[in-house]
Each structure stands twice: as structure tokens, then as C-alpha cells.
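User: Could you zoom in on one part of this structure with me and talk me through it in plain words?

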Amino acid sequence: MPPFLSGRFWRAVFTRTRGERLWAGHRRASGGPGCRWDALAGADVLRAEPDRFGGISVPLERFRALDRLDAASFQKVLQAAIQQWRSEGRIAVWLHIPILQSQFIAPAASLGFCFHHAESDSSTLTLWLGEGPSRLPGYATHQVGVAGAVFDENTRKILVVQDRNKLKNMWKFPGGLSEPGEDIGDTAVREVFEETGIKSEFRSLLSIRQQHTNPGAFGKSDMYIICRLKPYSFTINFCQRECLRCEWMDLHDLVKTENTTPITSRVARLLLYGYREGFDKIDFTVEELPAVYTGLFYKLYHKELPENYRTMIGMD
Ligand SMILES: [Mg+2]
């Protein structure tokens, strides 16, 4: 077992700093016998976990003894720990702080830690200890929005909406932000149903727009994906909160109208081409495949190889 995983390392940290009367302030604050060093030197103390890159991960929620530490004492313990990690050649520290232990954020920051990211119930701070500038990966860079171009091949009609909260009322495809863990096609189908009441199924991916420092993305970049969907219900019951208008429009009319966004206009032209020449000319279809290392599955979107080419190279 690596030394920092056992209680021995932390016992050493506490022993080294014992003379500084780390707990004095706290003893005054609570006065309880539970504040003794020995209580912190057992298996319950900070258990750091090494990662495969040479860093170390410290999930504070595991250390019940910290509940009895004040911020100043925590800072001293952490400082001693950092010294130890440096001497061991660790390249980085990942400090995971539950929201209810947020009093430890400021002491960590004063030792050089920065926010890496926050979720609803915890934050993660990092400290680079390696040579040169930090090589730690950043957190999320984009939000993902998905729209559904719901096209009825029998009537040549396409489903379009106008947003309620926009300064200009332009026709666009219904859509919205993807939820964590949600497939692109599922977002398109869900958003279309929520905004218009139309049920549909995923057919393909048609276009991707990337825009940086998007005002609606909290300063992050925005990835906006448009999917081709096939409808299987046709009665519109649109969301009054989000949409001002919703209708089935002839695809020709959408191609010609000026009252639309450049993205919608281009995708409408693409759809018209696919309708006339075959959707295989414009579709990125989806395939589910097993991930090599993780045992998970992923979705791969790509153009399909033409049938005659597949036969020629013996793929079938
Ligand atoms: Mg929306």
C-alpha cells in the first residue's frame, strides 16, 4: 500500500505539526475531548488516492475527523501534506470539497489551489506541483444544443417554430439543451415533443455549428447540432411559454423565406437536396459500438459507405 494511503503518512504529518498546537483554536471553540490528535491519526484521517498520472486525489467527504477542524488548522494540515506530496514527487493535487465543508476552500486557495469545477453538491480544486506550467486538463468547454428538423416526406412539410423570448421572430427548428448523459437524437426527440407536441424518431445528424464565448452558455462555447427526425404524430400542441408560433411549413417556403436564421436556411436547402436526390447524400447516421478500454458503448455518427463500395471491398 502506498504510504499516503495508510494512516502512517498522516500520523507523520500530524506528529510533525503537533508542536504548532493545530487544534488549540478548535479546542477552545468546542472544548470537547473528541478534538485530540489521536482521533485524527487513525484510519479515519485524510486518505489520499494516487492517480495514474502521478497526481493525488483527496476526497474530503471521507474524513469525518475534519468536521472538528477550523479553517486555520485545516490550512496547516494541508500545507504539511503538500510538502510531503512534493517530496514524494507528486505532480498535482485534486481536492474534492463537499459543499458543507466549503469553509476549507479559502484556506486551500491561499495555498495556491484554484477551482477546477463545481457540481451541485461539491467543488474540485487543483494544485499543480509538477515542473513548468500546469498540464492538468480543464473541465467542460461547451454546452450542447440540439434541434430537430422534423420532415414529413409524404407532404413535404417541415416543422418550424418562432421563439417567444426573442427580439426578432424568425422561423427555426424546435430544440434545446442536451441533458447530462443524453444521446443527441434523444435530446432532439424530447425537445421537439416538449415544444411542439409532435412525436418523432431520430433519423440522422445533418449539421453542427460551433460558436465561442456564447452569451447563453455562461461564457463557454456552444455546439448546436441539427438532426433529421421523422414524425409519427402530426397535431401541433405547442408550448406557449417557449414558442410564439409553430406550424408545418412547405420545405420550399422555408428555403425561400427571409424570415429565418442562416443556419435554418442552409439546413432547409440541404433537406430539399436530400429529399430530391436521396437522404444518404446528406445524412450522418448513427452506429453503436463498444469502447475498447472501458467496456462502455458509444455512438458514432458518420456517412454510410455506398452499398456498391461495401460489396467491392468485401464488407458484407
Ligand atoms: Mg428551445
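Analyst: Let's start with a term: a residue is buried when its relative accessible area is under 20%, exposed when it is over 50%, and partly exposed in between, using a 1.4 Å probe and protein chains only. The model is predicted, so local features need pLDDT of at least 70 and side-chain atom pairs count only at pLDDT 80 or more, while totals for chains, interfaces and linings use all residues. Residues are numbered from 1 along each chain as its sequence is written, and side-chain values use heavy atoms, with hydrogens and water left out.

Now for the magnesium ion. Its protein donors are G175 (O), E195 (OE) and E242 (OE), lying 2.1 to 2.2 Å from it. Donors here are N, O and S atoms within 2.8 Å of the metal (3.2 Å for Na, K and Ca), and since water is not among the atoms, sites may look incomplete. Along the sequence, the donor residues follow the spacing G-x19-E-x46-E. G175 and E242 link distant parts of the chain, 67 residues apart: G175 sits in strand β9 (residues 175-177), while E242 is in the loop between β11 (221-231) and β12 (243-250). Strands (E, at least two residues) and helices (H or I, at least four) are DSSP runs, numbered from the N terminus. G175 is buried, at 10% relative accessibility, whereas E242 is partly exposed at 31%.

How about the cysteines? The structure has zero disulfides, a disulfide being a pair of cysteine sulfur atoms within 2.5 Å. For C239, the nearest cysteine sulfur belongs to C243, 5.9 Å away, and C239 is buried at 15%.
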